[in-house]
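Work through the exercises below with the sequence and the model side by side. Try each task before reading its solution.

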Amino acid sequence: MDLLAKLSGIAERHARVRALGLEGVGVVNDKIISPTRAIIGGRETILAGTNNYMGITFEPDCVAAGQEALAELGTGTTGSRIANGSFAMHAQLERELAAFLGRAHCIVFTTGYQANLGMMSGLAGPRDTIYLDADSHSSIYDGCTLSGAKLVRFRHNDAADLDKRLSRGEDDGGGKLVVLEGIYSMLGDRAPLADFIAVKKKHGFQLLLDEAHSFGVLGAGGRGLADEAGLEKEIDFIVGTFSKSVGAIGGFGAGDHPYFDYLRYAMRPYMFTASSSPASIATSIAALRKLAAEPQRRKRLMENSARLFAGFRALGLDMGCDVVSPVIAVKCPDEPSTVAMWGALLKAGVYVNLALPPGTPNKLCLLRCSVSAAHSDEEIDRIIALFGSVVAEGHGLRAMSA
């Protein structure tokens, strides 16, 4: 048996996209011009699918911090945090991030994916149960698998369904961890946090909130959904990433439990992965300070998000959800029309994410936009206009709801 024969279906899908003259996976940015512009295929293109929410990637102080760390501390750490890869700068970022979040403890990881692998597997074990929103990110699912805990899925954003499953669950003496996300990455909807907190008070589980797409974005302090909802004290553990609002690479976990810092010695993904490079840590510190000092970025981001959302609604497009967020997804009728419209948009000068099953909830086919605070009004209007012209040219996407 050929071990790679199982990939034949993926190869066939890819070939169908290539036959249209497109490269649906791994689009290459030949040159990055700004947080919102790149050269792709020889054309200047508006970037509307980068998750660069704060538009912070070209900020001079962040760039300078990375350059200075590169010159002073070298290109990499060459080891894990447990071995030889902890620099003073790693601890500094942990202290500043804990203070930003108002938490007693923070652990920094090399990637956001690794943060979820580590936190899920460190918090829960074979005697425990993880209750998981069905639309959770793949990194959460993989962390649950690594933990060995019993996994119970509940319907997306349905606190009543979680309540039922907790009531039916066996009391085997193990712990119970419930996992939610602040903003869900595909459709842009948010967890109804107050509803879940009511269930938490009834059943007494511990709650982890993944703020990957809401950190820096939501709340008066930019700390995420719990900040916006005024429910931070009800959240036991937070996970997040530096690859969105912070504009770098890495991830974090935070909490107040007195044993939290000992997770470092219980998380294999943390113990056996080389730590983040000095340049990445330095840029993350500079970006975090900028997020704290410049709340106007969040205001601008939400203005841009509302502008794009309203424009798509005016075109009659079927939106992923009814709440404005920086993640704005358009539902499409099937895979061929989704690919065709994505390709037409790219050729017209706007890059969005092509999101297809199995990477989407409920087997949806999506054109996913992520808005940046750095987008100008003219760029937002251009994105809207190009969506309108592509629809008008009959590339397969039509309004799917009145």
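## Exercise 1: the surroundings of one serine

Leaving aside residues up to four places away in sequence, Ser 139 touches Tyr 113, Asn 116 and Leu 117, where contact means heavy atoms within 4.5 Å. This is a predicted model, in which local features need pLDDT of at least 70 and side-chain atom pairs count only at pLDDT 80 or more, while totals for chains, interfaces and linings use all residues. Residues are numbered from 1 along each chain as its sequence is written, and side-chain values use heavy atoms, with hydrogens and water left out.

Task: decide in which helix Ser 139 is placed, and whether Ser 139 is buried or exposed.

Solution. Begin with the helix, which is α5, residues 138-147; helices (H or I, at least four residues) and strands (E, at least two) are DSSP runs, numbered from the N terminus. Next, take the relative accessible area of Ser 139, which is 3%, so that this residue is buried (buried is under 20%, exposed over 50% and partly exposed in between, with a 1.4 Å probe and protein chains only). Finally, look along the chain to Gln 114, 25 residues from Ser 139, where the two C-alpha atoms are separated by 7.7 Å.

## Exercise 2: two packed helices

Task: find the angle at which α6 and α7 pack, and state which residues meet.

Solution. First, α6 (residues 159-168) and α7 (residues 193-203) pack at about 15 degrees, with their axes 9 Å apart; axes are lines fitted to C-alpha atoms, for helices over the stretch in contact, and angles run from 0 to 180 degrees between N-to-C directions. The two helices α6 and α7 are therefore roughly parallel, a term for angles under 35 degrees. Then list the contact: from α6 come Ala 159, Leu 162, Asp 163, Leu 166 and Ser 167, and from α7 come Asp 195, Phe 196, Val 199, Lys 202 and His 203.

## Exercise 3: a sheet and its helices

Task: give the order of the strands in the open sheet, and say which helices lie across them.

Solution. Start with the order, β11-β14-β13, in which the three strands pair antiparallel; two strands pair if DSSP finds at least two bridges between them. The edge strands, each pairing on one side only, are β11 (327-332) and β13 (353-355). Between β13 and β14 (residues 365-370) there are three bridges, and Ala 355 stands opposite Leu 366 in β14. Lastly, α11 (residues 296-314) lies across β11 and β14, at about 15 degrees to β11, whereas α12 (residues 335-348) lies across β11, β13 and β14, at about 30 degrees to β14.

Note on methods: Angles under 35 degrees count as roughly parallel, over 145 as roughly antiparallel, 65 to 115 as roughly perpendicular and the rest as oblique.
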